Every structure is written in structure tokens, then in C-alpha cells.
Amino acid sequence: QVQLVESGGGLVQAGGSLTLSCAASGRTFSSYSMGWFRQAPGKEREFVAAISWSGGRTYYADSVKGRFTISRDNAKNTVYLQMNSLKPEDTAVYYCAARARTGSSHLQAVYEYDYWGRGTQVTVSS
């Protein structure tokens, strides 16, 4: 079992920055690929960013590419999402996810993940 807890959300003005953290407990965090998703009211949960178990591969949604950076610190069992140049359309609940499975994956779909945090709210004001 893996437990994921997001933190770092809050209210920020457009153009500002936030860094989200996802702290993992349980087994074998360093072997899991990790992802960030977000969900705004009335919308489907959408992919934001992902990072492979080694940290050697990263993926980003086009909407956040160049503004957001995903990283991980396996020694701390933590994955981060650095968000810069925030826009009102970034407003959503942000979820951390872990993939326990091995094998090839682009890590961009909800069904590819096995564990989920409860989310943290990010609100960007205009």
C-alpha cells in the first residue's frame, strides 16, 4: 500500500508561482513513476505532468509546458510540481498519483496509475 498526501496549494495571483509537494509513505516509492493531474469543477480529470521512476523521463501537458516542472527526491519520498506564470485557467484541485506497475507507459492517462492522493486546491486570481 502507498499513501500520497499533497500539500502546497493555495490562492495566488495570476503570474505568480506555487510549488506543490506530494509526500509518499509505504513501500518502494523510488520504483514508482509519479504523475500530477488536475480537475476543475465540471471537467474531467486531466493530465498535467509525470516523471519516471528514475527521474530520467518527464512528460507535460501542452497547456503547462514551459511553465511547470515536475521533479522528485526519492530520498525524501517526495515528488514536486513547480508552477510558474500561473493563469486563472490553472485553477483546479491538483492530485498526485503513483504507478506501481512496470513496463512501457507515457504516464498521461488516469487508468495508468494505481494510487492517488486526495488533492490540494490551487486557485489563481486574475
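This is a predicted model: local features need pLDDT of at least 70, side-chain atom pairs count only at pLDDT 80 or more; totals for chains, interfaces and linings use all residues.
Residues are numbered from 1 along each chain as its sequence is written, and side-chain values use heavy atoms, with hydrogens and water left out.

**Exercise 1.** Find which cysteines a disulfide joins.

*Solution.* Start with the rule: a disulfide is a pair of cysteine sulfur atoms within 2.5 Å. C22 and C96 meet it, with S to S at 2.1 Å, and the count comes to one disulfide. Strands here are DSSP runs of E, at least two residues, numbered from the N terminus. Finally, the S-S torsion is about -80 degrees, so the disulfide is left-handed.

**Exercise 2.** Decide whether V48 is buried or exposed, and list its contacts.

*Solution.* Buried means under 20% relative accessible area and exposed over 50%, with partly exposed in between (1.4 Å probe, protein chains only). V48 has 0%, so V48 is buried. For contacts (heavy atoms within 4.5 Å), set aside neighbours within four places in sequence; among the partners left are W36, Y60, F68 and Y94.

**Exercise 3.** Work out what the side chain of T120 reaches.

*Solution.* First locate T120, in strand β11 (residues 120-125). Its relative accessible area is 10%, so T120 is buried. Its side chain then reaches the backbone nitrogen of G9 at 3.3 Å.

Note on methods
Helices (H or I, at least four residues) and strands (E, at least two) are DSSP runs, numbered from the N terminus. A polar contact is a pair of N or O atoms within 3.5 Å; within protein, one must be able to donate a hydrogen and the other to accept it, and residues adjacent in sequence count only if both atoms are side-chain atoms.
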